[in-house]
Amino acid sequence: MDGDQFSNEERNGLYKAIRSRRDIRRFRPDPIPDDLLQRILVAGHQAPSVGFMQPWNFILISSQETRQRVKKNFEEKNQEQSAKVESVERAGLYRSLKLEGIMESPLNLAITCDHRRDAPFVLGRGPMPQTDEYSVCLAIQNMWLAARVEGIGLGWVSILDYDHVSQILGLPEGVKLIAYLCVGYPLEFTEKPMLETVGWKQREPIENVIYHEKWGSTSL
C-alpha cells in the first residue's frame with residue numbers, strides 16, 4: 001500500500017514536533033490565516049475517539065468582551081491559587097509566572113465534550129464513561145502538534161472556574177468544557193518548557209516512570 005511508510009525525514013519531523021511543543025503564554029497580535037486555522041481544526045477532528053463518537057466541538061472566541069470576562073475569572077482563581085503556595089520563595093516565583101495569554105492572543109478556543117453524542121449507547125464507552133473526555137484530550141494533542149508544525153502556539157488555561165466559563169459560553173446540559181486555549185503566533189518557542197526553565201520543576205528521567213508487569217517493579 002503506497003504511503004503506509006514514513007521516510008526518515010517525516011519520522012524525524014514528528015519527533016521534533018513532539019519535543020519542541022510548548023505551552024505558550026506570550027503571543028504576537030498577528031491574525032491566524034483562515035486556511036492555517038482550518039488545518040489545525042481538521043487535525044483535531046481526525047483524532048481517535050471511543051466508538052468513533054467524535055464528542056468534541058471547537059468554539060472560536062474573538063470577542064474582546066467574552067475574553068475580558070474569562071480573564072477576570074482567571075485573575076480571581078489565580079489569586080486563590082497563589083495564596084495556597086506555602087513556601088515564600090515559591091510563592092514569589094508563582095506570582096512572577098505568566099500563566100495565560102487570554103487578551104494578547106489573537107484567538108481563544110474552547111474545546112468541549114458532548115456527553116450526549118450517540119447516546120444512549122456508545123461502543124466501548126460503557127465500562128469507562130470518561131473515555132469520551134479522554135478522546136477530546138487526544139483531539140487537543142493533535143491540534144497542539146499540528147499548530148507547532150505550522151509555527152502556531154497553543155496555551156491551555158487551566159486556572160479558571162470552568163463551570164463559570166461554561167456559563168459565559170452558554171454550554172447546554174450534557175456538554176462539558178474540557179480546555180480553554182489561547183492560540184496565536186508565539187513570541188518564541190523556548191528550548192525547554194517554561195516551568196523547567198524557571199526552576200519550578202524538572203522533567204523526570206524516563207527510567208523513573210517505567211515499571212514492568214506491576215506497579216513499582218523496575219526489573220524485567
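**Notebook: strands, helices and cysteines of a predicted model**

I began with Cys-113 and found that its bridge partner in β4 is Lys-176. I note at the outset that the model is predicted.

**Entry 1. Strand β2**

I next looked up how the strand that holds Cys-113 sits in the fold. Cys-113 points one way from β2 together with Leu-107, Leu-109 and Ile-111. Asn-108, Ala-110, Thr-112 and Asp-114 point the other way, and the residues of both sets are buried. In general, the side chains of a regular strand alternate between the two faces of the sheet. I recorded β2 as residues 107-114, with eight of the eight residues buried, so the strand is largely enclosed by the rest of the structure.

**Entry 2. Partners of β2**

Which strands pair with β2, and in which direction? On one count, I found six bridges joining β1 (residues 56-61) to β2, and the two run antiparallel. Within this pairing, Ile-59 has Ala-110 of β2 as its bridge partner. I also noted that Phe-58 stands opposite Ile-111 in β2. On the other count, eight bridges join β2 to β4 (residues 175-184), again antiparallel.

**Entry 3. The sheet**

I then traced the sheet. It is an open sheet of four strands in the order β1-β2-β4-β3, and the pairing is antiparallel. The edges are taken by β1 and β3 (153-156); each has a single partner strand, so one side of each is left without a neighbour in the sheet. I found an average twist of 30° from one strand to the next.

**Entry 4. Helices on the sheet**

I looked up which helices lie on the sheet. Helix α2 (residues 34-45) packs on the sheet and touches β1 and β2, with a direction at about 155° to that of β1. Helix α5 lies across β1, β2, β3 and β4, and runs at about 150° to β2.

**Entry 5. Helix α1 against helix α5**

At what angle do α1 and α5 cross? I found that the axes of α1 (residues 8-20) and α5 (residues 131-149) come within 9 Å and cross at roughly 105°. That makes α1 roughly perpendicular to α5. From α1 the contact is made by Ala-17, Ile-18 and Ser-20, and from α5 by Leu-145, Arg-148 and Val-149. Sorted by class, I have four nonpolar residues, one polar and one charged in this contact.

**Entry 6. Cysteines**

How many disulfides does the model contain? I counted zero, taking a disulfide as a pair of cysteine sulfur atoms within 2.5 Å. Cys-113 is in no disulfide, and the nearest cysteine sulfur to it, that of Cys-137, is 8.9 Å away. Cys-182 is in no disulfide either; its nearest cysteine sulfur is that of Cys-137, 17 Å away. I also looked up accessibility: Cys-113 is buried, with a relative accessible area of 0%. Cys-182, at 0% relative accessibility, counts as buried as well.

Ser-82 lies in helix α3 (residues 64-82). Is Ser-82 buried or exposed? At 13% relative accessibility Ser-82 counts as buried, because the cut-off for buried is under 20%. Leaving out residues up to four places away in sequence, Ser-82 touches Tyr-94 and Arg-95.

Ser-49 is found in the loop between α2 and β1. Ser-49 counts as buried at 16% relative accessibility. With residues up to four places away in sequence again not counted, Ser-49 touches Gln-54, Pro-55, Trp-56 and Ser-135.

**Entry 7. Leu-220**

I placed Leu-220 in the segment after α7 (194-197). Leu-220 is exposed, with a relative accessible area of 92%. From Val-42, Leu-220 is 178 residues away in sequence and 41 Å away in space, C-alpha to C-alpha.

**Entry 8. The whole chain**

The protein has seven helices and four strands. From the N terminus on, I read the order of elements as α-α-β-α-α-β-α-β-α-β-α. The C-alpha trace spans about 55 × 45 × 40 Å along its principal axes. Of the 220 residues, 39% count as buried. Among contacts between residues at least 6 apart in sequence, I found that 82% join residues at least 24 apart.

Key:
Residues numbered from 1 in each chain as written. Predicted model: local features only at pLDDT ≥ 70, side-chain atom pairs only at ≥ 80, totals over all residues. Heavy atoms only, no water. Buried < 20%, exposed > 50% of the residue type's maximum accessible area, 1.4 Å probe, protein only. Axes fitted to C-alpha atoms, helices over the stretch in contact; angles between N-to-C directions. Parallel < 35°, antiparallel > 145°, perpendicular 65-115°, else oblique. Contact = heavy atoms within 4.5 Å. Nonpolar A, V, L, I, M, F, W, Y, C, P; charged D, E, K, R; others polar. Pairing = 2+ DSSP bridges.
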